[in-house]
Amino acid sequence: MENVKYLILGAGPAGLSFANCLKQKGEESFLLLEKEAEAGGLCRSADVDEAPLDIGGGHFLDVQRPEVNRFLFGFMPEEEWNRYERDSRISFDGGYIGHPFEANIWQMAPGRQREYLESIANAGCNRGEKKPEEFIDWIYWKLGKRIAEDYMLPYNEKMFGRDLNALGTYWLEKLPNVSYEETQKSCEERRAYGKQPGHAQFYYPKKYGYGELWHRMREALNDKAVMNVKVRKMDALRGQVICSDGSVYEGEKIITTIPWAEWEEIAGMPEELWQDLKKLKHSGTQIEYVPERMDTGAHWIYYPEKEISYHRILVRHNFCSGGKGYWTETNKERVEADRGRFRYMNEYAYPLNTVDKPRIMKTLLDWAKERQIYGLGRWGEHAHYNSDVVVDLAMELAQKLG
């Protein structure tokens with residue numbers, strides 16, 4: 001049995017960043033375990049049709065966290081990246097408009113603009129109505145009938161599943177404030193008005209897929225990262241994990257970045273909490289490569305149309321040097337027949353923000369922390385974090401624990 005001060009589970013962005021922060025601080029007593037043969041988690045890339053393709057979906061490095069970028073550029077220097085101004089669009093009414101929807105109504109014909117402006121003016125949030133508690137009602141209240149029915153509700157149903165009212169509304173506060181005045185101003189000035197969405201500017205490697213960054217971070221750890229090791233059980237009383245091959249690892253502190261639903265058993269966990277843990281929900285997505293070139297300058301496009309199986313495409317040739325075609329992202333439940341093209345299924349793609357998730361995760365993480373077990377990242381915290389946020393959290397935790 002191997003014993004270390006820090007036992008890190010999962011070699012995705014969270015685990016790799018935490019481990020490398022420890023190494024840079026001079027810590028030597030740590031070990032990272034990963035079930036796959038390759039590091040990177042959802043940010044892995046594969047060579048498909050003579051160019052990189054990101055098998056976990058669309059992942060980019062946001063420019064908005066300079067400290068995070070400086071840390072990551074230590075593994076893959078800035079000169080190896082291209083920087084882009086985000087061009088994302090929404091399939092709408094036989095054509096496309098810019099994303100986010102509410103900021104780009106000005107791109108519609110004047111008559112349609114008036115229809116959407118009137119709908120926004122009548123939205124509950126702009127009429128002083130009480131905020132609803134259920135997801136669907138909240139979308140109508142926040143965005144108005146037209147945006148809700150033409151975009152937000154069908155898109156979210158495609159991405160997260162049909163039972164949208166199983167989702168909470170607590171995470172929707174990050175949506176832009178859709179006021180009549182601001183939307184009208186964007187129509188008058190014929191430009192997107194208001195706060196820019198995430199990844200308004202982003203980096204993507206010049207010669208590689210996004211997975212190259214995490215591959216290099218894995219290499220920097222040398223023998224401190226052990227691949228092809230799947231953990232099955234945890235003993236929270238002894239600070240141990242038991243793997244599928246029977247091997248046992250022990251850590252004074254355990255940092256877990258893997259989905260909580262993956263554990264077969266956690267010894268010492270109260271039965272009530274164990275049952276709550278099993279209530280955490282997630283969605284899976286399939287990535288499929290399409291070789292045909294699209295006549296568009298967009299980096300990615302959202303598709304709310306229910307008759308189209310996928311919810312988003314990434315136009316590879318517009319950000320990946322030498323890349324052709326595009327790839328689609330499709331909810332696992334909406335996957336259609338195999339067309340003989342490259343496909344990759346991600347069982348764990350998005351943590352779902354269900355109504356009871358905040359209560360479950362607070363109880364779970366508090367209980368774990370008391371036993372020096374720390375949930376970190378998208379799956380350790382069961383939160384829909386982008387990779388730059390995950391790295392930021394990992395740097396913060398390494399500083400706190402170290």
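**Exercise 1. In what order do the three strands of the open sheet stand, and is their pairing parallel or antiparallel?**

Solution. The model is a predicted one, in which local features need pLDDT of at least 70 and side-chain atom pairs count only at pLDDT 80 or more, while totals for chains, interfaces and linings use all residues. Residues are numbered from 1 along each chain as its sequence is written, and side-chain values use heavy atoms, with hydrogens and water left out.

Step 1: strands (E, at least two residues) and helices (H or I, at least four) are DSSP runs numbered from the N terminus, and two strands pair if DSSP finds at least two bridges between them. Step 2: the order is β5-β9-β6, and the pairing is antiparallel. Step 3: β5 (61-62) and β6 are the edge strands, each of which pairs on one side only. Step 4: between β5 and β9 (residues 201-205) there are two bridges in the antiparallel sense, and leucine 61 stands opposite tyrosine 203 in β9.

**Exercise 2. Determine how far helix α7 is enclosed, and by which elements.**

Solution. Step 1: a residue is called buried under 20% relative accessible area, exposed over 50% and partly exposed in between, with a 1.4 Å probe and protein chains only. Step 2: the buried residues of α7 are Gly211, Glu212, Leu213, Trp214, Arg216, Met217 and Ala220. Step 3: because seven of the ten residues of α7 (residues 211-220) are buried, this helix is largely enclosed by the rest of the structure. Step 4: the buried residues of α7 pack (contact means heavy atoms within 4.5 Å) against α1, β3 (45-48), β4 (51-54), α2 (66-73), β6 (81-85) and α11. Step 5: after α7 comes asparagine 222, with a positive phi near 50°.

**Exercise 3. Check the length of α11 and list its buried residues.**

Solution. Step 1: the expected span of a helix is 1.5 Å times one less than its number of residues. Step 3: Ser387, Asp388, Val389, Val390, Val391, Ala394, Met395, Leu397, Ala398 and Leu401 are the buried residues of α11.

**Exercise 4. Describe the second largest pocket and its lining.**

Solution. Step 1: on a 1 Å grid over the protein atoms alone, a pocket is an open set of points where a 1.4 Å probe fits, with protein on both sides within 12 Å along at least five of seven lines, and lining residues have an atom within 4 Å of a point. Step 2: the volume, the space filled by probe spheres set on the points, is about 710 Å³ for the second largest pocket. Step 3: of the 37 residues that line this pocket, Gly41, Leu42, Thr257, Pro259 and Trp379 lie nearest its centre. Step 4: α1 (13-24), β19 (343-351), α10 (377-380) and α11 (387-401) each supply at least two lining residues, and β19 gives the largest share, five residues.
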